[in-house]
Amino acid sequence: MQSADCELNDKQEGYRKYRYYIHPDAAVTMKKNKAKASSNTEKEFVFEFRAGKHNCVLKVPLQFPVQENISDLHGRLMLLHKIPCYLESELKNSLSSFVEKETILDYDREAELALQRLTTGDVDVNKLTSAWTRSYVETTLEHARPEEPSWDEDFANVYHELIHSPASDTLLNLEHNYFVSISELISERDMEIKKLQERQAAEMDKVMHELGNTLSDQDVNAVASQHFDAQQVLENRWASELKQVTGIQKHEYQEWVVKLHQDLQKSNNSSKINEEIKVQPSQLSEAADSGARMFEEQPQLEESFTIHLGAQLKTMHNLRLVRADVLDFCKHRRHGSSGAKLRRLQTALSLYSFSLCGLVLLVDNRVNSYSGIKRDFATVAKECTDFHFPCLEEQLEEVQQVVLYARAQRSSKHKDQPETQKNGGDDKSKNVERNPSNILPGEFYITRHSNLSEVHAVFHLCVDDNVRSGNITARDPAIMGLRNILKVCCTHDITTVTIPLLLVHDMSEEMTIPWCLKRAELVFKCVKGFMMEMASWDGGVSRTVQFLVPKTISEEMFYQLSNMLPQIFRVSSTLTLTSKH
């Protein structure tokens, strides 16, 4: 705490002298280190003012350089010495001018002394020149040494070069073989968990039959607790084994890719390389065996449109209306299906490019992978090892840390707001205070993936139950979240993005035909406005926007939505040219 002592000299008529002493331990006189203690000087600030019939003088000794904020010092002077309020601005201006003037004088004096020491030879010119050169090089980017590339950057460059070479087929075959081994391991896990659950269900049935005869409620609870513990132990064991296997796969794959690239750089190993990248028989082949037919994809309904947006400078975009499950864009097929290899190849070719693919996934406000669509997506992401990015759990942990930091920053700003603004907040801020790790509707987080079928980046957009009502507007958080997602796509080279047209992944009873038409019209018009804004965001880049509707929607409803799209967007029409005879 600071201590202040005021002396009043009433012997002089009509004159008051105030002395304001600041304790040496106060923030205003704190020294950063002992080496600078000798450079600190004390100067007295004098402020004369008139209070009624009295002429008053305020004298404040200050340590230079002043480390304290001028506004804080001014506030304490006003409070401790009861300076009249009409002198507030005058005192602050005078104090600021005094501090600025004396600080400049101190700097000038130090500069003169430094030049004097240089002139008299007290300072070695060569050492001083070397110090200035080192400081300039370290603080100037164009003269600084380039940063050493990291392992991730090196591997990305190597992979990008190999995937565009004859070795691409071998890379895809190896990735698919790893995927099949993980899928088989997951199947074994699911089978073992299923058998355990069936056995536990039979045991629980026997216990319930004996309830009230030879067993009590405590016995039933004990058996249920044992079943829960056994299932947790089994799931943890399988999770640990899967993590270990994926880690080994990632390490082996990256080492093999780097070694293959090094061998390709050597001209004397051409025969060896040809054998190494020789196409191996793969399960990705389009073999029409009887077992593969049962794994064929269900036919999707799809409509494509080409549109032009813009007033003077028109930009062409591709729009697609697709009826499918949202996870169909993420899943790989273990058995041969039409286009499976081409999709995997296309995703790999554009992994390190300026043409990425994104997907909007509608989630709740919790950043985890334990329930609903988030759990299904996490299951799909675990079926194939990600050789380029951290696993989904690690990315979600990082997102949680960022959310907590953002909430802390927001709460600190919220405390500085006036009470009228605080009282005007809604219940959403209260929910955040209860659990700061949750996100609000309209907010989203992004995860990166190289192991999904047709997607590189997933936008996890938070929505609430309000999206199932029929009265949302263009200012709804979910709609504004779509706008921010499209802006991120523009700034991060995501040229293809898939958006749930109805802002839901599954149909329910309240989603009637009028409800669907009204929701689709709203999203179409809003996305059109956002796409027109893109011209100012990225200069007008041609993009592909896929509008996704749930798989359970009827064909009649699908074609009604398909007919609505060209009425809202300006669809390019074909021109038939005929010659005159």
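Where is the place of aspartate 493? Aspartate 493 sits in the loop between α13 (477–491) and β9 (494–500), where helices (H or I, at least four residues) and strands (E, at least two) are DSSP runs numbered from the N terminus. This is a predicted model, in which local features need pLDDT of at least 70 and side-chain atom pairs count only at pLDDT 80 or more, while totals for chains, interfaces and linings use all residues. Residues are numbered from 1 along each chain as its sequence is written, and side-chain values use heavy atoms, with hydrogens and water left out.

**Overall content**

The chain has 15 helices and ten strands. Of its 581 residues, 37% are buried; buried means under 20% relative accessible area, exposed over 50%, and partly exposed in between (1.4 Å probe, protein chains only). The accessible surface of the chain is about 35,200 Å², and carbon and sulfur atoms hold 52% of that surface. Accessible areas come from the Shrake-Rupley method with a 1.4 Å probe, and for residues only the protein chains shown count as cover. Among contacts with a separation of 6 or more, 71% join residues 24 or more positions apart; a contact means heavy atoms within 4.5 Å.

**Backbone features in loops**

Aspartate 493 has a positive phi of about 60° although it is not a glycine, and its relative accessible area of 31% makes aspartate 493 partly exposed. Lysine 82, also not a glycine, has a positive phi of about 50°. Lysine 82 lies in the loop between α1 and α2 and, at 74% relative accessibility, counts as exposed. The peptide bond from phenylalanine 64 to proline 65 is cis, with omega near 0°. Proline 65 belongs to the loop between β3 (54–64) and α1 (70–80).

**Helix α1 and the cores**

In α1, the buried residues are Leu73, His74, Leu77 and Met78. They lie on the same side of α1, because they cover an arc of only 135° around the axis; the arc is that of the directions from the helix axis to the C-beta atoms. The buried residues of α1 pack against β3 and α2.

In soluble globular proteins, nonpolar side chains tend to be buried together. A nonpolar core here is a set of buried Ala, Val, Leu, Ile, Met, Phe, Trp, Tyr and Cys residues joined through side-chain atoms within 4.5 Å. The largest such core has 53 residues, and those with the most contacts inside it are Leu319, Val360, Leu501, Phe524, Met531, Phe547 and Phe569. Helix α14 (residues 513–538) gives the most to this core, with eleven residues. Apart from its neighbours within four places in sequence, methionine 531 is in contact with Ile307, Leu309, His317, Leu319, Val545 and Phe569. A second, separate core of 25 residues includes Cys330, Leu392, Val403 and Leu548.

**Nonpolar surface patch**

On the surface, Leu115, Leu118, Val123, Val125, Leu128 and Trp132 form a nonpolar patch with about 550 Å² of accessible area together. Patches are made of residues with over 30% relative accessible area and no salt bridge; like charges are joined within 9 Å, and nonpolar side chains (Val, Leu, Ile, Met, Phe, Trp, Tyr) within 5 Å. The elements that give two or more residues to the nonpolar patch are α2 (88–120) and α3 (125–139), and α3 provides the largest share, three residues. Valine 123 is in the loop between α2 and α3.

**Charged residues**

A salt bridge is a side-chain nitrogen of Lys or Arg within 4 Å of a carboxyl oxygen of Asp or Glu, and by this rule the count is 17.

| Aspartate 190 | Arginine 189 | 3.1 Å |

Arginine 189 counts as buried at 17% relative accessibility, whereas aspartate 190 is partly exposed at 39%. Aspartate 263 and lysine 259 both lie in helix α6 (residues 217–265), four residues apart, about one turn of the helix. Aspartate 263 is buried, at 7% relative accessibility, and lysine 259 is partly exposed, at 38%. Salt bridges also link Lys43, Glu102, Asp106 and Arg109 in a network.

Aspartate 328, in the loop between β5 (315–323) and α8 (340–349), is buried with a relative accessible area of 10%. Leaving aside neighbours within four places in sequence, aspartate 328 is in contact with Gln300, Arg333, Glu454 and Lys551.
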